There are 2 protein chains.
Amino acid sequence: MPAKPSGAPQRRSRNTGAATASGGPPLSLERIIATAVELLDTQGVDGLSMRRLADRLGAGAMSLYWHVGNKEEVFDLALDAVLAYHPPEAEAHGWRANVVHMLEDWRAAMLRHPWSAALLPRRALGPSMLGRLELLSQTLSRAGVADADLNVAIWSVWNYVMGATITRGSFDRSPDDLAAAQRRLTELGERYPSIDRSRLLLDSDWDGAFKKGLDLLLDGLTPKR
Amino acid sequence: MPAKPSGAPQRRSRNTGAATASGGPPLSLERIIATAVELLDTQGVDGLSMRRLADRLGAGAMSLYWHVGNKEEVFDLALDAVLAYHPPEAEAHGWRANVVHMLEDWRAAMLRHPWSAALLPRRALGPSMLGRLELLSQTLSRAGVADADLNVAIWSVWNYVMGATITRGSFDRSPDDLAAAQRRLTELGERYPSIDRSRLLLDSDWDGAFKKGLDLLLDGLTPKR
DNA sequence: CGTCTGACTCGTACAGTGTACGAGTGTTTG
DNA sequence: CAAACACTCGTACACTGTACGAGTCAGACG
């Protein structure tokens with residue numbers, strides 16, 4: 001029996017210097033995840049296959065499975081890596097600025113890595129997301145939101161950002177798709193006149209709308225001062 | 001040359017009565033999509049393969065490709081089928097009730113078909129979604145939202161529902177997963193004290209929180225009366 | 001009647017996928 | 001030295017989406 005208990009994969013990565021067959025740097029969980037993120041950024045969700053990932057690492061496909069239980073875990077870890085939050089060290093701008101910073105950082109991270117929006121609904125909450133939730137929870141609580149309203153407040157803000165990011169992410173497609181959308185929209189002008197008139201899908205100031213809506217929400221959720 | 005121009009797949013479905021090899025009812029786009037939804041409901045996103053779908057229809061796998069361009073299109077059509085909105089015929093409850101009804105119906109549909117949340121971020125807006133957007137746009141506009149604020153209002157509400165549904169969807173997992181989550185959460189109580197204290201992930205009254213948050217948003221977005 | 005055209009079905013084949021299995025390597029420990 | 005460990009990886013298998021082309025049948029046209 002070699003090792004590899006499937007119940008709790010170990011991923012110790014002591015990495016005592018053994019290089020891969022092609023002489024590249026040794027495999028490690030960090031390197032695997034970093035390369036996975038790279039691959040996802042350049043090729044999208046469907047572009048990530050275990051073989052391609054291994055190739056980029058100069059390793060055999062099955063070598064990955066020593067460090068990782070299965071492909072899903074690669075997705076989980078890549079997602080979590082990309083969503084990690086490092087709050088700014090010097091801050092005294094008040095609770096609201098902190099919350100807004102964290103949420104905008106979240107949104108920015110997901111837009112920087114568009115595949116994350118497609119992955120998020122499938123995966124459970126990883127440490128990064130839990131950390132953000134915890135921060136949100138603490139900050140709102142400290143801002144004076146009553147315990148009875150806290151959960152509503154947290155989820156409202158959370159959901160808003162989640163939805164805004166996912167919606168937004170589904171709109172920056174390739175120029176081809178964009179041209180097609182333009183064509184289709186004018187053709188559909190009669191069927192969807194109000195959407196057409198407001199140029200909802202075309203001219204929307206996403207970032208501005210995001211910020212405005214968030215402000216409104218926070219105004220409504222926290223005790224007025 | 002048989003036919004089948006790949007540029008614009010035809011899917012006419014004249015269906016002159018030719019039955020499938022196994023004697024079942026003939027293939028048609030409607031039957032394919034309905035069965036696809038069935039399969040997605042019972043087996044999830046990964047459970048839908050062209051071969052399985054064809055088997056359920058009593059047809060050969062490649063027969064599907066006469067009616068459908070590729071697998072992605074099956075996803076698109078299934079998603080759109082599930083998200084179609086049929087507003088109640090008799091309504092005079094005012095604009096707000098109409099908006100709320102449509103949004104709750106949307107949320108209910110997505111929770112009834114959990115795979116839809118995973119699919120939505122990947123696909124463009126289909127007719128059903130556009131129809132809902134159009135309705136939302138018209139209703140808010142008629143309710144007195146100024147043109148300048150209209151897009152912000154639409155997207156805020158939209159994003160809220162989207163996020164709420166996706167978040168919520170990622171929490172009703174199998175009993176196994178739920179037990180595991182419970183175990184993990186108490187273990188993580190020290191790392192995420194505020195989440196733990198508020199029992200944010202466990203006891204949350206999702207439906208109540210959804211409605212409250214939505215009310216708050218609508219209050220903030222529409223002219224006060 | 002024969003032939004033709006188009007609608008539709010489907011068997012085969014191919015390249016690609018995730019990963020189970022087990023043999024291999026080199027290092028550390030007893 | 002031997003045994004245990006940490007790790008790598010080639011082969012194999014079941015399964016995927018779908019390109020290709022042959023096959024079936026209904027109705028139209030001569």
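In chain A, 67% of the contacts between residues at least 6 apart in sequence join residues at least 24 apart. The model from which this value was computed is predicted. The secondary structure of chain A consists of 11 helices and zero strands, and the order of elements from the N terminus is accordingly α-α-α-α-α-α-α-α-α-α-α. Of the 225 residues in chain A, 45% are buried. The accessible surface of this chain amounts to about 11,600 Å², and carbon and sulfur atoms account for 52% of that area.

Chain A is superposed on chain B by a rotation of 180° with 0.0 Å of shift along its axis, at an RMSD of 0.0 Å. The two copies are thus related as by a two-fold rotation axis. The same surface is used by both copies, since 100% of the contact residues of chain A recur in chain B.

At the interface, 54 residues of chain A are in contact with 54 residues of chain B. About 4,500 Å² is buried between chain A and chain B, with 64% of this area on carbon and sulfur atoms. Polar contact across the interface of chain A and chain B involves 14 residue pairs, both members being at pLDDT 80 or more. On the side of chain A that touches chain B, at least two residues each are supplied by helix H6 (115-119), helix H7 (127-142), helix H8 (147-169), helix H10 (193-198) and helix H11 (206-221) of chain A. The largest share of that side, 14 residues, comes from H8(A).

Four salt bridges were counted between chain A and chain B. In one salt bridge, Arg197(A) pairs with Asp147(B), and the closest N and O atoms are 3.2 Å apart. Asp46(A) likewise forms a salt bridge with Arg122(B), with the closest N and O atoms 3.6 Å apart. This pair crosses between chains: Asp46(A) lies in the loop between helix H1 (29-43) and helix H2 (50-56) of chain A, and Arg122(B) in the loop between helix H6 (115-119) and H7 of chain B. Asp46(A) is exposed at 59% relative accessibility, whereas Arg122(B), at 29%, is partly exposed.

Over all chains, the structure holds 22 salt bridges. Within chain A, Asp219(A) and Arg96(A) form a salt bridge in which the closest N and O atoms are 2.9 Å apart. Asp219(A) belongs to helix H11 and Arg96(A) to helix H5 (residues 95-112) of chain A, so the pair ties together parts that are 123 residues apart in sequence. Both partners count as partly exposed, Asp219(A) at 46% relative accessibility and Arg96(A) at 25%.

Within chain B, the side chains of Asp207(B) and Arg107(B) meet in a salt bridge with an N to O distance of 2.4 Å. Distant parts of the chain are linked by this pair, with Asp207(B) in helix H11 (residues 206-221) and Arg107(B) in helix H5 (residues 95-112) of chain B, 100 residues apart. Asp207(B) is partly exposed at 46% relative accessibility, but Arg107(B) is buried, with a relative accessible area of 7%. In chain A, salt bridges that share partners join Glu72(A), Asp76(A) and Arg123(A) into one network.

Thr139(B) counts as buried because its relative accessibility is 8%, under the 20% limit. A polar atom of the Thr139(B) side chain lies 2.6 Å from the backbone oxygen of Leu135(B). Residues up to four places away in sequence being left aside, Thr139(B) touches Trp95(B) and Val99(B).

Technical notes:
Residues numbered from 1 in each chain as written. Chains lettered and ligands numbered in written order. Predicted model: local features only at pLDDT ≥ 70, side-chain atom pairs only at ≥ 80, totals over all residues. Heavy atoms only, no water. Least-squares fit on C-alpha atoms with pLDDT ≥ 70 in both. Contact = heavy atoms within 4.5 Å. Buried < 20%, exposed > 50% of the residue type's maximum accessible area, 1.4 Å probe, protein only. Polar contact = N/O pair within 3.5 Å; in protein donor to acceptor, adjacent residues only side chain to side chain. Helix = DSSP H or I, 4+ residues; strand = E, 2+ residues; numbered from the N terminus. Areas by Shrake-Rupley, 256 points an atom, 1.4 Å probe, with all protein chains shown as cover. Buried area = accessible area lost by both parts, 1.4 Å probe.
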